[in-house]
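The following note is intended for colleagues reviewing this entry.

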Amino acid sequence: TGSQMPYENEPVVPVMSAMALLEGSAARSLAKDSPAGYLFVEKVSYDFLRPVLVVGPLASVIVNRLSQEDPMKYCSALPEFIESHSEVEEGLRNKTVIYSSKRSRYGASYSCITVSGIKLIRDENQHCLLDVGPECISRLKAAELYPIVIFLAPKSEKKLRSSCMQCNISSVEARNMYEEARHMSQKYRAQFTAEVNIGSAVERCLMRVRELIHTQQNKVDWIPVPE
């Protein structure tokens with residue numbers, strides 16, 4: 001029953017640890033019914049390539065390098081165009097749309113990243129690269145896409161400026177990126193899978209991102225399940 005502790009040999013994790021793995025109604029339901037603050041879990045190994053979301057300064061640079069240098073393994077998510085605002089809102093509610101932005105030059109058309117589009121790339125045995133904001137993390141988890149979320153954390157504003165110079169990004173833009181990264185870390189850090197420190201070498205950062213994707217892809221996770 002809900003008041004009993006789990007059996008000693010059954011796989012369990014604390015509710016707060018498991019909540020990071022699921023989002024929305026699934027997580028709330030499991031937490032409500034969990035025995036004494038614990039959730040039952042099952043071991044999951046991924047037999048598909050997980051989508052990759054890189055956030056933080058220079059995220060677009062890293063995503064472009066991955067897709068350009070290893071196109072057989074990585075593919076950037078392709079936008080789908082939806083005309084109706086109500087259709088976009090419905091897609092966000094029912095978790096079929098992950099991200100949307102209005103295309104001002106094209107009337108009422110919206111550029112959207114959808115669950116079906118991500119799955120198409122996954123079915124081609126490729127990592128789907130997502131160049132969207134961290135506000136999309138919860139939607140990806142709610143859709144059970146199990147994203148690998150990597151935050152690019154600048155060691156200092158000075159070192160970030162050095163990295164930005166290698167990518168033809170101005171000092172002003174670098175300063176703005178640094179401040180945005182600080183706020184992003186404060187708000188979303190609990191949802192990141194891993195962090196990569198941005199030093200003064202973009203190549204080293206890219207290498208570390210590749211290593212983390214490989215490690216997380218081959219990692220075994222414990223996913224909360226109903227009793």
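1. Is Ile98 buried or exposed? The model is a predicted one, and in it Ile98 has a relative accessibility of 1%. Ile98 is therefore classed as buried, since the cut-off for that class is under 20% relative accessible area.

2. The surroundings of Ile98 deserve attention next. This residue belongs to strand E6. Leaving aside residues up to four places away in sequence, Ile98 touches Leu92, Ile113, Thr114, Val115, Ile118, Cys136, Arg139 and Leu140. For one of these, Ile113, the separation from Ile98 is 15 residues in sequence, while the C-alpha to C-alpha distance is 5.5 Å.

3. The sheet may be described as follows. Three strands form an open sheet in the order E5-E7-E6, and their pairing is antiparallel. Strand E5 (80-82) and strand E6 (97-102) are the edge strands, each of them pairing on one side only. From one strand to the next, the twist averages 35°.

4. The pairing of E5 with strand E7 (residues 110-114) is antiparallel and comprises 3 bridges. Within this part of the sheet, Phe81 has Ser111 of E7 as its bridge partner.

5. Helix H5 (residues 115-123) lies across E5, E6 and E7, and runs at about 50° to E7.

6. The structure contains 4 aromatic pairs. One of them joins Tyr46 and Phe48 in an edge-to-face arrangement, with 5.9 Å centre to centre and 80° between the planes. Tyr46 is buried, its relative accessible area being 11%. Phe48 also pairs with Tyr146; this pair is tilted, at 6.5 Å centre to centre and 35° between the planes.

7. The pair of Phe48 and Tyr146 links distant parts of the chain, the two residues being 98 residues apart. Phe48 lies in the loop between strand E2 (38-44) and strand E3 (52-55), whereas Tyr146 lies in the loop between helix H6 (137-142) and strand E9 (148-154). Together, Tyr46, Phe48 and Tyr146 form one aromatic cluster.

Conventions
Residues are numbered from 1 along each chain as its sequence is written. This is a predicted model: local features need pLDDT of at least 70, side-chain atom pairs count only at pLDDT 80 or more; totals for chains, interfaces and linings use all residues. Side-chain values use heavy atoms; hydrogens and water are left out. Two strands pair if DSSP finds at least two bridges between them. Helices (H or I, at least four residues) and strands (E, at least two) are DSSP runs, numbered from the N terminus. Axes are lines fitted to C-alpha atoms, for helices over the stretch in contact, and angles run from 0 to 180 degrees between N-to-C directions. Contact means heavy atoms within 4.5 Å. Rings of Phe, Tyr and Trp (its six-membered ring) pair if their centres lie within 6.5 Å; planes under 30 degrees apart count as stacked, over 60 as edge-to-face and the rest as tilted. Buried means under 20% relative accessible area, exposed over 50%, partly exposed in between (1.4 Å probe, protein chains only).
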